[in-house]
2 protein chains.
Amino acid sequence: MATLLKGKPVVDHMAIDLRNRIEALKSRGVEPTLALVRMGERPDDLSYERTAKKRAASLGLSTKPYVLDDLAPQAAVQATLQSINYDKTVHGCLMFRPLPSFLDEKALCNMLSPEKDIDGISLASLASVFTDSSDGFPPCTAQACVEILDFYRIPLVGKHVVVIGRSLVVGKPVSMMLLRRNASVTICHSRTENLPELCRTADIVICAVGRAHAFGKEYFRAGQTVLDVGINFDSRGTLCGDVNFDEVEPVVDAITPVPGGIGTVTTSVTMAHVVDAAEKMAGR
Amino acid sequence: MATLLKGKPVVDHMAIDLRNRIEALKSRGVEPTLALVRMGERPDDLSYERTAKKRAASLGLSTKPYVLDDLAPQAAVQATLQSINYDKTVHGCLMFRPLPSFLDEKALCNMLSPEKDIDGISLASLASVFTDSSDGFPPCTAQACVEILDFYRIPLVGKHVVVIGRSLVVGKPVSMMLLRRNASVTICHSRTENLPELCRTADIVICAVGRAHAFGKEYFRAGQTVLDVGINFDSRGTLCGDVNFDEVEPVVDAITPVPGGIGTVTTSVTMAHVVDAAEKMAGR
């Protein structure tokens with residue numbers, strides 16, 4: 001039986017600190033506010049938006065929705081982001097992605113001012129993750145992995161972490177963040193040879209490929225900590241992670257569940273970044 | 001007996017292509033030119049500058065020296081870089097570092113316009129390495145590693161590379177570049193546990209810590225390719241790498257010598273970047 005690294009206790013722990021800081025901001029006349037930019041009505045985006053609004057409300061944090069038509073042109077999204085950049089009542093911006101394919105998503109991500117880019121989507125934010133500067137915010141999911149490891153006091157210094165997946169949303173940024181914590185980090189992907197063997201050499205394995213049940217027990221051994229970043233649906237339409245949980249949980253030392261693991265913490269990280277941004281803007 | 005991965009054949013191979021391209025630029029009235037920015041008279045910088053000038057001259061590429069006093073203030077270096085940014089006769093800029101400690105080196109690096117930042121020192125260049133964009137130039141030493149691997153046709157796809165050292169000049173950028181080539185990459189450092197064991201699991205080991213003879217035969221096994229990025233002096237004042245060459249060479253399959261390995265190729269990469277920059281500026 002592995003220890004379940006549930007997100008809820010992490011979220012509760014973060015909430016205590018965040019509520020205090022939000023109170024302090026309000027007493028100084030600052031209403032910390034998160035802009036939510038959505039195009040169209042994709043069910044994924046709507047569900048994520050509902051979760052974000054609920055979490056924000058529970059902490060006393062305001063949200064400001066910006067809803068564009070799913071056929072809105074580049075200039076419309078551009079104008080929206082620009083208005084957010086200039087709006088002193090908005091402290092952070094979460095833009096639901098992927099954007100429709102007819103838009104230049106990269107150019108739009110780079111328009112967001114780094115101080116409000118609380119999900120680390122702009123080049124400036126990613127550069128700060130790569131160069132260990134504290135100027136920008138890292139992507140929330142990557143930071144959620146670090147928050148879970150920290151909360152459950154999983155040792156990192158000198159330890160070997162295998163990260164499967166090399167996206168700019170999770171794989172690469174979480175690798176840089178764990179390197180900064182003095183872990184040794186291996187980045188793997190679909191072309192990696194002997195992946196099961198490589199995974200078994202790790203102290204910590206982070207699965208972030210987005211494929212239901214992609215990793216069975218042959219990838220793991222006793223003593224390991226497993227973070228499952230995947231949010232997928234299996235053939236029966238049930239929410240599941242990248243790891244075959246039923247097979248792997250009896251083998252390893254500790255594992256995050258899906259749902260109720262990393263995803264749960266990600267939303268709290270988003271809120272924490274908005275509070276950080278508001279504090280910076282107000283002068284701590 | 002390991003195959004010696006000498007830099008000279010790589011340099012000769014690159015020179016053929018570069019001479020042709022420089023000729024083509026000149027026939028269009030473009031004189032590809034590298035600015036060399038030096039503060040004071042540090043022997044390291046002077047030696048590097050001599051090598052760069054010689055290599056440039058041998059290819060038909062012009063250099064333009066900018067020499068500042070070793071006590072020049074931030075504003076002086078700033079003005080120099082700004083003048084280089086605006087100067088249409090200069091295509092690339094190499095600034096010898098480290099700068100004196102009383103200067104804000106990071107701010108100065110970021111002033112250089114990305115199109116002329118042929119050694120990948122600005123945040124914009126590093127961001128492009130991290131995000132796999134082709135907008136900027138990667139650091140020359142990191143690219144020299146890739147050039148050597150390519151020239152000697154060392155397989156990369158799916159292979160496991162262990163990189164020792166996490167600097168922004170070599171370790172991190174070369175990791176991103178090899179990841180892009182579909183290698184699996186482990187980044188290690190001074191805090192890594194069981195480093196010798198970890199190194200022995202790799203197909204390719206890149207040593208970039210800058211400590212004379214730091215890696216003996218216990219770090220290696222038969223079948224491996226070793227790139228030694230270190231440029232150090234041993235206790236007798238002899239130039240040497242990070243690897244204990246005499247001990248390791250009989251064990252592994254292939255290894256770069258020091259001197260005559262990576263360092264030799266780095267200067268050619270610098271020149272190649274200037275030619276790239278000049279071509280981009282002229283419109284290919």
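A residue is called buried here when its relative accessible area is under 20%, exposed when that area is over 50%, and partly exposed in between, using a 1.4 Å probe and counting protein chains only. By that rule, buried residues make up 55% of the 284 residues in chain A.

This is a predicted model, in which local features need pLDDT of at least 70 and side-chain atom pairs count only at pLDDT 80 or more, while totals for chains, interfaces and linings use all residues. Residues are numbered from 1 along each chain as its sequence is written, chains are lettered from A and ligands numbered from 1 in the order in which they are written, and side-chain values use heavy atoms, with hydrogens and water left out.

**Stop 1: the whole of chain A**

Select chain A and colour by secondary structure: the chain has 10 helices and 11 strands, where helices (H or I, at least four residues) and strands (E, at least two) are DSSP runs numbered from the N terminus. The C-alpha trace spans about 50 × 40 × 35 Å along its principal axes. The radius of gyration of chain A is 19 Å, which agrees with the value near 19 Å that a compact globule of 284 residues would have; this radius is taken over C-alpha atoms, and the globule rule is 2.2 Å times the number of residues to the power 0.38. Among the contacts in chain A with a separation of 6 or more, 71% are between residues 24 or more positions apart, a contact being heavy atoms within 4.5 Å.

**Stop 2: the sheet that runs through both chains**

Now show both chains and follow the open sheet of 12 strands, whose order is β1(A)-β11(A)-β8(A)-β7(A)-β5(A)-β6(A)-β6(B)-β5(B)-β7(B)-β8(B)-β11(B)-β1(B), with mixed pairing. At the edges stand β1 (3-4) of chain A and β1 (3-4) of chain B, each with a single partner strand, so one side of each is left without a neighbour in the sheet. Two strands are said to pair if DSSP finds at least two bridges between them. Within chain B, zoom in on β5 (residues 160-164) and β6 (residues 184-188), which run parallel and are joined by five bridges; B:H160 stands opposite B:S184 in β6(B).

**Stop 3: strand β4 of chain B**

Select residues 92-95 of chain B, where B:G92 and B:L94 point one way and B:C93 and B:M95 the other way, and all are buried. Strand β2 (residues 33-39) of chain B pairs with β4(B) in the parallel sense over four bridges, and B:L34 has B:G92 as its bridge partner.

**Stop 4: B:M271 in helix α10**

Which residues does B:M271 touch, leaving aside those up to four places away in sequence? They are B:L18, B:L34, B:A52, B:R55, B:A56, B:L59 and B:L61. B:M271 is found in helix α10 (residues 262-282) of chain B and counts as buried, at 0% relative accessibility. Draw a distance from B:M271 to B:A56, and you will find 6.7 Å between C-alpha atoms for two residues that are 215 residues apart in sequence.

**Stop 5: helix α5 of chain B**

Select residues 123-130 of chain B, a helix that is mostly covered, with six of its eight residues buried; these are B:S125, B:L126, B:A127, B:S128, B:V129 and B:F130. The cover over the buried residues includes α5 (123-130) and α7 (171-180) of chain A together with α7 (171-180) of chain B. After α5(B) comes B:D132, whose phi is positive, near 60°.

**Stop 6: loops and backbone angles**

In chain A, go to the loop between β4 (92-95) and α4 (105-111), where A:P98 has its place; the peptide bond from A:R97 to A:P98 is cis, with omega near 0°. In chain B, a cis peptide bond joins B:R97 and B:P98, with omega about 0°. Continue to B:H213, in the loop between β7 (204-207) and β8 (225-228) of chain B, which has a positive phi of about 55° although it is not a glycine and is partly exposed at 37% relative accessibility.

Finish at A:A208, in the loop between β7 (204-207) and β8 (225-228) of chain A. A:A208 is buried, with a relative accessible area of 14%, and touches A:I164, A:G165, A:V170, A:V229 and A:D242, not counting residues up to four places away in sequence.
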